[in-house]
Number of protein chains: 2
Amino acid sequence: MSDFSIRRLDAGNSEFPQDLERLLAWESVADQQVESAVAEILREVKAHGDAAVIEYTNRFDRRDLKNAGDFCLDRAELAAALERIPAEKHVALETAARRVRDYHERQLQSSWQYREADGTVLGQQITPMERVGIYVPGGKASYPSSVLMNAIPARVAGVDEVLMVVPAPDNQLNDLVLAAAAIAGVDRVFTIGGAQAVAALAYGTETVTRVDKIVGPGNIFVASAKRAVFGQVAIDMIAGPSEILVICDGRTDPDWIAMDLLSQAEHDEQAQSILLCPDEQFLDAVASSLQKLLKTLPREAIASRSISDRGALILVRDIEQAIEVANRIAPEHLEVSVDEPEQYLPLIRHAGAIFLGRYTAEALGDYCAGPNHVLPTSGTARFSSPLGVYDFQKRSSIIYCSPRGADTLGRVAATLAKGEGLDAHARSAEYRVASEVEGQD
Amino acid sequence: MSDFSIRRLDAGNSEFPQDLERLLAWESVADQQVESAVAEILREVKAHGDAAVIEYTNRFDRRDLKNAGDFCLDRAELAAALERIPAEKHVALETAARRVRDYHERQLQSSWQYREADGTVLGQQITPMERVGIYVPGGKASYPSSVLMNAIPARVAGVDEVLMVVPAPDNQLNDLVLAAAAIAGVDRVFTIGGAQAVAALAYGTETVTRVDKIVGPGNIFVASAKRAVFGQVAIDMIAGPSEILVICDGRTDPDWIAMDLLSQAEHDEQAQSILLCPDEQFLDAVASSLQKLLKTLPREAIASRSISDRGALILVRDIEQAIEVANRIAPEHLEVSVDEPEQYLPLIRHAGAIFLGRYTAEALGDYCAGPNHVLPTSGTARFSSPLGVYDFQKRSSIIYCSPRGADTLGRVAATLAKGEGLDAHARSAEYRVASEVEGQD
């Protein structure tokens, strides 16, 4: 039996801005004990490589690794896992992978150059990273979809080598996760996890080659380790709990909307599900649906807690006001369950992913629609993007001055350099100014 | 008199890989005392807003601020500074700004969509951030070029409001910096600095509106504060000392190459200048030029120390080997001072900016060529890009399923969701599967 309740708010109320602040309040707890434990693990792995990785893995994951070879899986072992899984799951993974690949190929950026009138060429060269590492959680929250979503953009970007780490607590590995790694084209898998796996990827060991970027979700030890190695390597954003914001005109089946809210709530007790609607009766109907449907869920306890603690049904004046509230929240997932939803797109300023129309369940985006399911949480959609191919490419500026270009630009640069008191800068530019060049001949 | 010397290495030597490691070794010192001082400043500004900002500013910058209005400059005051500076500097700043703007406009990304055969629409919506903050150092290292390089990409991206903070120690402000802010289109300037300015931008105060991203260089307090607020807001990379790597075939004037090396060395004692060349006599000639030119520099002491401590002249077999070494180093600035340099572009994998040909002094890129001078340092060009318009835009995925699309995708999503034990996800997708829809009618 769930003691279910859900918060009701009214955007027309004068207290609403403060109510909304309180509803959204969530802060990642920086845990001093976790941080010092992680700092020690990072130091040990940096100093002792594989030996430290083996020791921590045996201790934390109850393994019996003798040497580094024991935590390595090659592509043949991934292919074997793919053979073992049921055909239906195999087909579904392949379909999802193909759609994710198709979508992400449109994100590929290309190098460009242009030539100015005086012959000077400017441009931008775009290149993939050499090697990236994907962290995949093990145990109960082991998600094959996460493997696809993290590895495929790296592959599409042209990354030379994609490594994956996934812990195998008590020697348990999920065949679906390994099968997804096979399909996504992961090159090597290491069955290690926690801060020790992040350290191995960031610093390199005798067996694990150092990577340029680490992506993928993990527990507080993983998040803390990623934050600590940031700068040494690139990382993706540190994710907060998942959230969904649904805007509905009140004419979608309330059971559909309730189940969309529950699909976030079942992730995690801290997940947040919010509905905005101008129709008070519809909010009542969704509340009833939630109560009815919650009881039918295997993960009822988690979902019920999430809905009660962090959920809300919010009455708004109209869809425009709903979008104003959505822009204030900058949600990870935004569902716009109305007729002709595309008309609202220009008004939507901040959201990780936008699901338009009554048929677009958020869950489709989690698995197989094509766009990435790694999305900015906790309002960070104000300044962050979904994981994408652009996360695995980087740019180099190109400057190729003609003698005439160097003459023009050298004079400007020298004036500005002198203004900044940087004499060598000025003179380095002035050497290439035409009168200087002639003077030298 | 400088006690000048420069390290000589040979890439053909079997010890070279280790020599190179030692040459590049540089670690930012994480200073525990600085970090706790910064943590306290952040807490105080978060709790007490303007009052805390005023107190710290009066204390650290020897100011006499009475209220928040005393640290605000509006656009009229920026315009007045622009009137005060010499005409030659005004023209040079305008020229640089125009070229930087022209180049960065080519980085603008656009939203895209595509429709699949069953009517499902997928896409990516690109929007600018709402508000960003630019940190500009005050005092001796006060650089107008940095204002242009940080503010113009934000403006080109379409950011609504660009704020700038610049400390005014002893009430001293640099007119060139304010003039550059006027030209770059900065909206509001606050004459505050240090961790208290970063805190004001990250959390907001009564006077300083909270921003979405903080960019720009600063001292260890600023860098430490940026690292601490990362996640709450976006930040640019934490920069290390500046570096230049020059590849030369030995046929550029050795004085030119020496001055290019010195133009990095004069920045900072920790700056790094390296030359790779297959001609040993040319390395000798550059060493002589360095010795000769150093004595003529106002910043001789700094440059001499940088060259002696961190510089190197490296003999290579040929230009191809030089590029291999460059890719290993992933330099911030890479000069390729050879004939037909464009032929080497496809071989260059990691570099912040690439300067091609004998006429392209690196200093041109610092001021006015067009590309950004905020570049990845300390080998982070392996995974980072120059500051650009893309740093001020973000993406939202778009998914709009047709009923037929929802039917196809719903089946795949449900299969995968069940494999992950996420029942509400599966059922939310299945509600939109056609047989279910028909069943409901």
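The model is predicted. Chain A and chain B share an interface in which 122 residues of chain A are in contact with 122 residues of chain B. The size of an interface is often given as the accessible area lost when the parts come together. Here the two chains bury about 11,200 Å² between them. Carbon and sulfur atoms account for 58% of that buried area.

Polar interactions were then counted across the interface. Between chain A and chain B, 66 residue pairs are in polar contact, with both residues at pLDDT 80 or more. On the side of chain A that touches chain B, helix α15 (residues 403-419) of chain A supplies the largest share, 10 residues. By class, this side of chain A comprises 60 nonpolar, 32 polar and 30 charged residues.

Salt bridges were examined next. The search over all chains of the structure returns 58 salt bridges. Between chain A and chain B the count is 12. One salt bridge joins the side chains of R432(A) and E335(B), at 4.0 Å from N to O. Another links E130(A) with R382(B), at 3.5 Å from N to O. This second pair crosses between chains. E130(A) lies in the loop between β4 (121-128) and β5 of chain A. R382(B) lies in the loop between α14 (362-367) and β15 (393-400) of chain B.

The two chains are also joined by strand pairing. Strand β15 (residues 393-400) of chain A runs parallel to strand β14 (residues 353-356) of chain B. Four bridges join these two strands. Within β14(B), A353(B) stands opposite S397(A).

Two copies of a chain are related by a rotation about an axis and a shift along it. Chain A superposes on chain B by a rotation of 180 degrees, with 0.0 Å of shift along the axis and an RMSD of 0.0 Å. The two copies are therefore related as by a two-fold rotation axis. Both copies use the same surface: 100% of the contact residues of chain A recur in chain B.

Within chain A, six strands form an open sheet with mixed pairing. Their order is β2-β7-β6-β5-β8-β9. Strands β2 (72-73) and β9 (234-235) of chain A stand at the edges. Each has a single partner strand, so one side of each is left without a neighbour in the sheet. Elsewhere in this order, β5 (residues 131-135) and β8 (residues 213-215) of chain A run parallel. Three bridges join β5 to β8 in chain A. In β8(A), K213(A) is the bridge partner of V132(A).

Technical notes:
Residues numbered from 1 in each chain as written. Chains lettered and ligands numbered in written order. Predicted model: local features only at pLDDT ≥ 70, side-chain atom pairs only at ≥ 80, totals over all residues. Heavy atoms only, no water. Contact = heavy atoms within 4.5 Å. Buried area = accessible area lost by both parts, 1.4 Å probe. Polar contact = N/O pair within 3.5 Å; in protein donor to acceptor, adjacent residues only side chain to side chain. Nonpolar A, V, L, I, M, F, W, Y, C, P; charged D, E, K, R; others polar. Pairing = 2+ DSSP bridges. Least-squares fit on C-alpha atoms with pLDDT ≥ 70 in both.
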